[in-house]
Structure formats: C-alpha cells, structure tokens
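Please read them alongside the sequence and the coordinates.

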Amino acid sequence: MTTQAQTTQGREDGLRYSRVGKRPILLPKGVTATLKDQTIEVKGPKGTLVRRLPPNVSVKTEGGSVAVSPAITGRDGARFQGLARALIAGMVTGVAEGYTKTLQLVGTGYRAEVKGQVLQLSLGFSHPIAFPLPQGVKCEIPGDSKGTIVILTGSDKEVMGQTAAKIRGFRPPEPYGGKGARYQGEKVREKAGKAAKAGGGK
C-alpha cells in the first residue's frame with residue numbers, strides 16, 4: 001500500500017517508483033558491491049559476478065546495502081528500477097549462498113559421469129554426449145544414485161538455469177513412459193499408449 005509520504009515524494013521528483021525496486025538490497029557478511037560507470041561487481045564466498053546495469057537507473061551503495069532508483073519518469077522508470085533490483089539481488093544471493101539445480105535421468109541405462117569439467121551423458125543414443133560445463137558451474141553425481149542424479153551448483157543464476165535447461169534438452173521427458181532428463185520433482189504428464197487405449201475401449 002502506497003503511503004502519503006511516498007505519493008508526495010513521487011509528485012515532487014516526478015518519478016514513479018517500483019514497489020519492490022525501491023527496497024534496499026542488504027549485503028550479507030562477506031559480500032561487497034562495487035560500482036564503476038554502469039557496471040556492478042559483487043564479490044562473496046561463492047565467487048565474483050560482474051554485470052552491466054540496465055539503462056535509466058541510478059544505483060548507490062551505502063551502509064552495507066545497495067539502493068536502486070529510476071533515472072527517468074513514467075512507468076518505464078519503475079520497470080527498469082524493478083529489473084535492476086532483481087538482477088542485483090540475484091547476484092548477491094549467488095555469491096553469498098550459491099544456486100543449486102538437480103536433474104534426474106530416467107530410463108534403462110541412462111546415467112551421467114563427470115570427467116574434469118566435462119559431463120558425460122548416456123541417454124539412449126548410439127554414443128554418449130560430452131557436455132562441457134560452463135565456467136563457474138560445478139557438477140556432482142552422488143555415488144548412491146548410480147549416475148542418475150546430476151547436481152549442479154554455481155553463483156550465476158542465469159548460467160545455472162541455462163545449463164540445466166541445456167542438459168534437459170538433450171533428452172526431454174517422453175510423454176509415453178517418461179524416459180529422459182527431468183528436473184528433480186518435475187511432474188511429467190504421461191499419455192496412455194495405443195495398447196492401453198485399445199484395451200480401455202473394450
């Protein structure tokens with residue numbers, strides 16, 4: 001709910017603020033943020049991330065937090081403010097805690113193996129797939145999973161999402177039987193086969 005003070009401020013400076021974007025981003029212990037021109041660098045226990053800031057925003061670091069404000073009036077200013085805040089908040093979480101993506105391989109003989117920075121995938125094709133992991137992304141295959149669980153960890157949220165989607169894309173879950181690579185916990189809607197349909201109609 002917008003307060004009277006916030007409304008008055010918006011009228012005075014002519015700017016429109018994003019409800020979420022105006023909240024300061026608190027920097028956890030061990031995390032620092034440095035601004036240079038239109039670039040922000042965030043360092044933490046899990047690594048360092050650098051990003052070019054969206055246009056039409058003003059970013060300041062003070063008192064262990066990062067504040068984002070619009071630099072233009074109207075709805076576009078609020079949109080850019082919200083976007084910049086979301087991107088920076090994701091960077092802070094990434095270098096402080098990191099992100100994890102877990103995939104499950106379902107199918108007879110489907111398994112994965114890590115060799116250095118290359119993920120070897122056996123997904124029912126005539127030959128295994130060698131997938132070079134992006135820089136900053138680590139992969140772990142739990143021993144008790146027999147190669148069917150792939151755990152990815154990294155600090156860059158976008159790269160993590162793209163990497164997991166790429167692996168899933170090599171063999172998306174089939175609608176008949178559900179074989180393939182899927183995100184852990186992903187519900188795959190399976191279709192009944194022709195034999196099942198024929199049997200059900202009798």
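1. Ser-18 sits in the loop that joins α1 (4–13) to β1 (25–26), where helices (H or I, at least four residues) and strands (E, at least two) are DSSP runs numbered from the N terminus. Its relative accessibility of 14% makes Ser-18 buried, the classes being buried under 20% relative accessible area, exposed over 50% and partly exposed in between, with a 1.4 Å probe and protein chains only. Once neighbours within four places in sequence are set aside, Ser-18 is in contact with Ala-78, Gln-81 and Gly-82, contact meaning heavy atoms within 4.5 Å.

2. This is a predicted model, in which local features need pLDDT of at least 70 and side-chain atom pairs count only at pLDDT 80 or more, while totals for chains, interfaces and linings use all residues. Residues are numbered from 1 along each chain as its sequence is written, and side-chain values use heavy atoms, with hydrogens and water left out.

3. Three strands form an open sheet in the order β8-β9-β10, with antiparallel pairing, two strands being paired if DSSP finds at least two bridges between them. Because β8 (111–115) and β10 (129–132) stand at the edges with a single partner strand each, one side of each is left without a neighbour in the sheet. From one strand to the next, the twist averages 25°, with axes fitted to C-alpha atoms (for helices over the stretch in contact) and angles running from 0 to 180 degrees between N-to-C directions.

4. Five bridges join β8 to β9 (residues 118–122) in the antiparallel sense, and Glu-113 has Gln-120 of β9 as its bridge partner. Helix α3 (residues 157–170) lies across β9 and β10, running at about 170° to β10.
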